[in-house]
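Good morning, and thank you for coming. I would like to take you through one protein model, beginning with a pair of helices and then widening the view.

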Amino acid sequence: MIRVLIADDSAFMRKILTDFFNKQPDFEVAGAAINGKEAINKVLELSPDLVTMDVNMPVMDGLNALAVIMEKQPTPVVMLSSLTQQGTEATVRALSLGAIDFISKAGGSISRLDSIEDELLEKCRNAAKAKVRKMPYVPQKSLPQMSTPSSSSGPPVMKRVELPVRQGLKLPGAASISSSQNSGNGFGIRRANPFLQARGKPQPPAASKVTPVAMTSMGNGAKKLVAIGTSTGGPQALQQVITRLPGNLPCGVVVVQHMPAGFTKALADRLDTISQVSVKEAEDGDIIQPGHVYIAPGSQHLRVKEEGNSRKIVLGQDPPVGNHRPAVNVMYDSVAGIGKNLVAVIMTGMGCDGCEGMKKIKAAGGYSIAQDEPTCVVYGMPKAVVDAGLADEIKPVENIAQAIVEAVKR
């Protein structure tokens, strides 16, 4: 029996969700909360197996409640999000704070969810099985209420100031950056702490993004490509990995994260503000550049096509593969021909998407890295690759970036 706590300030929404769960033999509604503060108290009191959490609530919003819960009593949380810009950005922030998954409300803060009842129940069942890890609490900037005019809505966006990286350069509030301050990433760039802003604390750009150097001058590393596939728990894992990549990584990175349309751009924009590499939502025809990360848009497959000395991104809306679009297998299939110059990474996620593509990658001589079980939210996709004997390395999520750097240098 899955005991669920419903946190939502709308009595209408609480009633709908209660009815959904009460109809199921494997769910029991343990309680309800009308704001984030009450949700925290009831999690501590009732110890539910799962929490459904509205993003925008009075007294304390869902982000701050989530941050406290993940520090005091880690519990699987599924967020309920609107499809507004504010809603998508807040959802991505929630996923980086430890939320397992999210459900998109089709029509705002008070909406009919009957059309996505099956999705809601499936995601909640899966989330209840997920592993959650204790995370240190950092207060989140409170969200404006949904009634706030759009001109002032949404979390603040930190503007990145482009500064040259040169020996002895000092940035406000940061230590000196010099070629001798090698962080161990193999490329001589001092790594900033990427999690300060990610957890709500402003951070000066300790190292500006490096202007990509022409591929022909970057040595063998420029011939490489990194392809990352992930699903449930992926936004948090991607934050751990991408923010640790050096800005002068000599190759490009393509990513498939199972996510609906509208949310992948918010994810890419967020990662871009806290990473030394440049991160963007991929566009059809993008030429892959060194030091750049391209995240497949929700609802579109991503393929890589070789064109002369360059590689181009090709997006398509052909049918889902294994119920996924974008699908990791589609991306892996398109890059398998790169052979020994490919580094394929498979991370946390449910199911086995990516395993078939990884077989082709290994047959062509590519190198593979899988996330280990203890650091996965759901050990499904990496497990399929590991059990098939296709992983060259199995690493905890915090060590994957370093593993990528070392593989690219080979």
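Let us begin with two helices, α9, which covers residues 328-335, and α10, which covers residues 355-363. Please keep in mind that this is a predicted model. The axes of α9 and α10 come within 7 Å, and they cross at roughly 15°. Because angles under 35 degrees count as roughly parallel, α9 is described as roughly parallel to α10. The crossing of these two helices, α9 and α10, is left-handed.

Which residues of α9 and α10 make the contact? On the α9 side they are N329, Y332, D333 and V335, and on the α10 side they are C355, E356, G357, M358, K360 and I361. Sorted by class, the contact of α9 with α10 has 5 nonpolar, 2 polar and 3 charged residues.

How many disulfides does the structure hold? The number is 0. In the case of C355, the nearest cysteine sulfur belongs to C352 and lies 6.4 Å away. A disulfide requires a pair of cysteine sulfur atoms within 2.5 Å, and therefore C355, with its nearest cysteine sulfur at 6.4 Å, is in no disulfide. Is C355 buried or exposed? C355 has a relative accessible area of 9%, and buried means under 20%, so this residue is buried. Another cysteine, C124, is also buried, with a relative accessible area of 0%.

Helix α7, residues 234-242, packs against helix α8, residues 263-273, at an angle of about 30°, and their axes are 10 Å apart. That angle makes α7 roughly parallel to α8. The crossing of α7 and α8 is right-handed. From α7, the contact draws on P235, L238, Q239 and I242, while α8 supplies L267, R270 and L271. By class, this contact between α7 and α8 has 5 nonpolar, 1 polar and 1 charged residues.

Helix α7 also meets α12, residues 397-409. Here the axes come within 7 Å and cross at roughly 45°. In α7, the residues A237, Q240 and V241 meet V397, E398, I400, A401 and I404 of α12. The classes in this contact of α7 with α12 are 6 nonpolar, 1 polar and 1 charged.

Next, I would like to consider some residues in loops. M57 is found in the loop between β3 and α3. Its relative accessible area is 2%, so M57 is buried. M57 and N35 are 22 residues apart along the chain, and their C-alpha atoms are separated by 5.4 Å.

I116 is in the loop between β5 and α5. I116 is buried as well, with a relative accessible area of 18%. Leaving aside residues up to four places away in sequence, I116 touches I103 and S104. The C-alpha atoms of I116 and I103, which are 13 residues apart along the chain, are separated by 8.5 Å.

Some details concern the backbone. As background, most residues other than glycine have a negative phi, and most peptide bonds are trans. S299, although not a glycine, has a positive phi of about 75°. S299 lies in the loop between β9 and β10 and is partly exposed, with a relative accessible area of 22%. N323, which is not a glycine either, has a positive phi of about 70°. N323 sits in the loop between β11 and α9, and this residue is exposed, with a relative accessible area of 77%. P326 is found in the loop between β11 and α9. The peptide bond from R325 to P326 is cis, with omega near 10°.

Finally, let us take the protein as a whole. There are 12 helices and 14 strands. Of its 410 residues, 56% are buried. Among contacts between residues at least 6 apart in sequence, 73% join residues at least 24 apart.

Thank you for your attention.

How values were computed. Residues are numbered from 1 along each chain as its sequence is written. This is a predicted model: local features need pLDDT of at least 70, side-chain atom pairs count only at pLDDT 80 or more; totals for chains, interfaces and linings use all residues. Side-chain values use heavy atoms; hydrogens and water are left out. Buried means under 20% relative accessible area, exposed over 50%, partly exposed in between (1.4 Å probe, protein chains only). Axes are lines fitted to C-alpha atoms, for helices over the stretch in contact, and angles run from 0 to 180 degrees between N-to-C directions. Helices (H or I, at least four residues) and strands (E, at least two) are DSSP runs, numbered from the N terminus. Angles under 35 degrees count as roughly parallel, over 145 as roughly antiparallel, 65 to 115 as roughly perpendicular and the rest as oblique. A crossing is left-handed if the near helix is turned anticlockwise from the far one by less than a right angle, and right-handed if clockwise. Contact means heavy atoms within 4.5 Å. Ala, Val, Leu, Ile, Met, Phe, Trp, Tyr, Cys and Pro count as nonpolar, Asp, Glu, Lys and Arg as charged, and the others, Gly among them, as polar.
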